[in-house]
Every structure is written in C-alpha cells, then in structure tokens.
Amino acid sequence: MQFLVDHFFELTITGLALGSVYALVALGYTMVYGVLQLINFAHSEVFMYGTFAVAWTFTLFGATASTSTAGIIGLLIVALFAAMATSAGVALLVERTAYRPLLSRGAPKLVALISAIGASFALSEAMGLRDRITGFVGLDGPLRDYVSGARDNQSLPVSLDPAPVVTIGDYTVTTIDTLVIVSALLMMIGLDQFVRRSRMGRGMRAVAQDPESAALMGVDSQRVVRVTFLLGGLMAGAAATLYMIRIGTTRFDAGFILGVKAFTAAVLGGIGNLRGALLGGLVLGVAENWGSAIVGTQWKDVVAFTLLVVILLFRPTGLLGESLGKARA
C-alpha cells in the first residue's frame, strides 16, 4: 500500500496510457457485438498484425539508432497509416471468411463464434510460421528481415526516448504518455461522433436495434457489417501504433493477453457501448497498476479479472449499459 501512496500519480498516469490502448482495441469488440450480437475473438490478431506493420515500416525504410527525431516522427506517421490499413484489411478478411458465409446461411451464432476462434488461431500461427510459409514459396531470402525469428520478439529498430512535459506530484508526464492518452481520446470522440451523426452511423444503430426493420427501411445490412469491421480494424491499427510507441516490442501471440484485456474492458464498460469501451479501458488500466502496487505485479491479471467479476455482480450490464442500438443521435 505504501508503494501506491508514494507513486500514486505515476501509477495512475501510466495506467491511463495502458488503458487507452485497451480502449481502442475494445472498440472493435464492442462495435461488432453491438451490430451482430457476436464476439469477434479474432480481433486480437487484427491488433497484432498492426503491431508488425509498425515494426516492418521502420525496417523497410532502414531506420536505425542514428535516425533523426524528425525522421522518426515521419516514420511514425507512415507506420500509423500502414498499421491502420493492415489491421483494417485483416478485419475485413475475417469478416469475409469467418462470418459472412455463415451469416448468409443463417448459421447459429455459436457456429460463428467458433469460426472466429478458429480464425484467431489461424492468423496467429500464420504470423508465427511466416518463415516456413515464405520458405515454401522461395521468398525467405528476399524477405529475411521480415520473416526471420518468426516466433521471437520483434522490436522497433529505433529507441523512442520520451521527453518531459509536465510534473504532476511525484511523476513527470512524458511526451509518450501525452501522445497515447490524447490520441486515444481524440479517436474515440471522432468514432463516437461518426456513429451518432453520420448516415452510416445511423444505419449501424438501426441494424443494431432491429435488423429486420432496418432492412425494410432500405439499410444495406451487409454493408453496415463490413463498415463495422473496417472501423474496428482502423481503431485496432491505431492502438497497435500507440502500443509500439510505448512498449516497442511485439510477437506472433502478442494479441492474446491484450485482446482478453480489451474484451474485459469492453464488458466492464458495457459491451455494445462505445463510450463504455473507453471508460472500461481506462478503469482497467488504472486498476491494474494500483492493484499491482498493492499485491505485486505477478497478480496484475488477477486484479483485472477480479475487478470485472465484482462489477458484473453488482451491475451485469457494465458501467455504461446503453447498447449501440439505443445510442442517442
């Protein structure tokens, strides 16, 4: 407890930064659930592919430890677009292969859920076996920088050194802390306004509330589903970029634990609620840090899931139980 008191502001701010990443990934879970009433368990791999897109962008442009600050900033911008495009593409691939054929045939939701779990393992192992896959087609030589050590950690070839911004209590907030938190908030606000005010957003809310009535009113539900996966993938790509800025390392199974935490954040805030995903992510990130300070870092995951169970016992719909279909315009 004394460690928490002595490092309160540090634990809180770093928890908010970590929670911001959880929140952006949680948006993908909550949007798909809001529209389809299904959990896309392959979304964690959508995020993971985005992290590799960031690392490979730096490798492609030959970034090294001597790269200038301006060069690193430019590469981060390019990496952001690359990660968002990659994650969006993987999300659309999941929708096309794991969901659309089943939904078009009226398959039970349980079948679609199992299909998503299978897609999750397939995507993860494809990344973990990329050296063998490229070797099979004879491209392991030209792509050596991207496929070697397929099951090892992949790190950014540059070091992102944070600069101090402002001191709060015992902790000096850095540029990375500020960038992660502010970026997540801005993207969340942008997505929330898109869903609430745009024509496509109204279509998404209509399908989430009553698919049959929405179809009678001329809403193309298949297009709505594709856009939902696309937006979730874009947010996951942005989260992947922020994750690599802060953590700097990824691997083929990096999405598993973080994906479970993001799903926990979505349920914690209220599955199907965009603002709930943000709140759940921030609460989870801070609670993990505070709990780790009290009971030890080895209990970090236990603290997160215990918090989820306690909140759901008293409020089963999560902190903000309003669903996407009931969101106000």
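Helices (H or I, at least four residues) and strands (E, at least two) are taken here as DSSP runs, numbered from the N terminus. The structure is a predicted model, in which local features need pLDDT of at least 70 and side-chain atom pairs count only at pLDDT 80 or more, while totals for chains, interfaces and linings use all residues. Residues are numbered from 1 along each chain as its sequence is written, and side-chain values use heavy atoms, with hydrogens and water left out.

Grid points are joined across faces, edges and corners, and a volume is the space filled by probe spheres set on the points. A search of the whole structure finds 2 cavities of 30 Å³ or more, and the second largest cavity has a volume of about 30 Å³. Its lining consists of G28, V32, N40, H43, A91, T228, F229, G232 and G233. Helix 11 supplies the largest share of this lining, 4 residues, and helix 2, like helix 11, gives at least two. With Ala, Val, Leu, Ile, Met, Phe, Trp, Tyr, Cys and Pro counted as nonpolar, Asp, Glu, Lys and Arg as charged, and the others, Gly among them, as polar, the lining of the second largest cavity has 3 nonpolar, 6 polar and no charged residues.

The largest pocket has a volume of about 600 Å³ and is lined by 23 residues, of which I72, I73, L76, L179 and I245 lie nearest its centre. Helix 4 (69-104), helix 8 (175-197) and helix 11 (221-246) each provide at least two of the lining residues, with helix 4 giving the most, 7 residues. By class, this lining divides into 16 nonpolar, 6 polar and 1 charged. The second largest pocket, of about 420 Å³, is lined by 16 residues, and L36, L103, P211, S221 and V225 lie nearest its centre. Here too helix 4 contributes the largest share, 4 residues, and the lining comprises 9 nonpolar, 4 polar and 3 charged residues.

Contact meaning heavy atoms within 4.5 Å, and residues up to four places away in sequence not being counted, F47 touches V21, V25, S87, A236, A239, A240, Y243, G255 and L258.

L230, in helix 11, is partly exposed, with a relative accessible area of 30%; buried means under 20% relative accessible area, exposed over 50%, and partly exposed in between (1.4 Å probe, protein chains only). Beyond four places in sequence, L230 touches A88 and L92.

Strand 2 (residues 164-168) and strand 3 (residues 171-174) run antiparallel and are joined by 4 bridges, two strands being paired if DSSP finds at least two bridges between them. The bridge partner of I168 in strand 3 is Y171. These strands form a hairpin with 2 residues between them, and G169 in the turn has a positive phi of about 60°.

Conventions:
1 Å grid on protein atoms, 1.4 Å probe; cavity = no way out; pocket = protein on both sides within 12 Å on 5 of 7 lines; lining within 4 Å.
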